[in-house]
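Try each task before you read its solution.

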Amino acid sequence: MKVTVDKDRCIGCGACAAMCSDVFELDDQGFSYVHVDKIKKELEEEVKDAAESCPTGAIEVEE
């Protein structure tokens, strides 16, 4: 699984980081980013849920 955050669409609401802090963090400017190179299998559902919860659809998940 590959996960990216579109910085142009992210509004920094923090929902993804709150839902899955093992994968998402907010940078110094308050925008989300993926802070791991590889998504662990046991976190895949959390990542998908975070992506679906993103109000702007800024999180892209590729399986």
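**Exercise 1. Which residues is P55 in contact with, leaving aside its neighbours within four places in sequence?**

Before starting, note that this is a predicted model: local features need pLDDT of at least 70 and side-chain atom pairs count only at pLDDT 80 or more, while totals for chains, interfaces and linings use all residues. Residues are numbered from 1 along each chain as its sequence is written, and side-chain values use heavy atoms, with hydrogens and water left out.

Step 1. Helices (H or I, at least four residues) and strands (E, at least two) are DSSP runs, numbered from the N terminus.

Step 2. List its partners. Contact means heavy atoms within 4.5 Å. With neighbours within four places set aside, P55 is in contact with I11 and C13.

Step 3. Check the spacing for one of these partners. P55 and C13 are 42 residues apart in sequence, and their C-alpha atoms are 8.3 Å apart in space.

Step 4. Look at accessibility. P55 counts as exposed because its relative accessibility is 55%; the classes are buried under 20% relative accessible area, exposed over 50% and partly exposed in between (1.4 Å probe, protein chains only).

**Exercise 2. Describe the overall fold and dimensions.**

Step 1. Count the elements: the protein has two helices and four strands.

Step 2. Along the sequence the pattern reads β-α-β-β-α-β.

Step 3. For 63 residues a compact globule would come out near 11 Å, and the protein's 10 Å agrees with that.

Step 4. Consider the contacts between residues at least 6 apart in sequence. Of these, 53% join residues at least 24 apart.

**Exercise 3. Which residues have the most contacts inside the largest nonpolar core?**

Step 1. A nonpolar core is a set of buried Ala, Val, Leu, Ile, Met, Phe, Trp, Tyr and Cys residues joined through side-chain atoms within 4.5 Å.

Step 2. Read off the members: the largest core has 16 residues, and V3, V5, V23, F24, I39, V47 and I59 have the most contacts inside it.

Step 3. Ask which elements contribute. Strand 1 (2-5), helix 1 and helix 2 (44-53) each supply at least two residues of this core. Helix 2 gives the largest share, three residues.

Step 4. In soluble globular proteins, nonpolar side chains tend to be buried together.

Step 5. Beyond four places in sequence, I39 touches M1, V3, V23, E44 and V47.

Step 6. Turn to one of those partners. E44 is found in helix 2 and counts as buried because its relative accessibility is 15%. Its own contacts, with neighbours within four places left aside, are M1 and I39.

**Exercise 4. Is S32 buried or exposed?**

Step 1. Locate the residue: S32 lies in strand 3 (residues 32-34).

Step 2. Apply the cut-off. S32 is buried, because its relative accessible area is 3%.

Step 3. Name the surroundings. Not counting residues up to four places away in sequence, S32 touches V5, K7, C10, C16, F24, E25 and L26.

Step 4. Take K7 from that list. The C-alpha atoms of S32 and K7 are separated by 7.6 Å, although the two residues are 25 apart along the chain.

Note on methods: The radius of gyration is taken over C-alpha atoms; the globule rule is 2.2 Å times the number of residues to the power 0.38.
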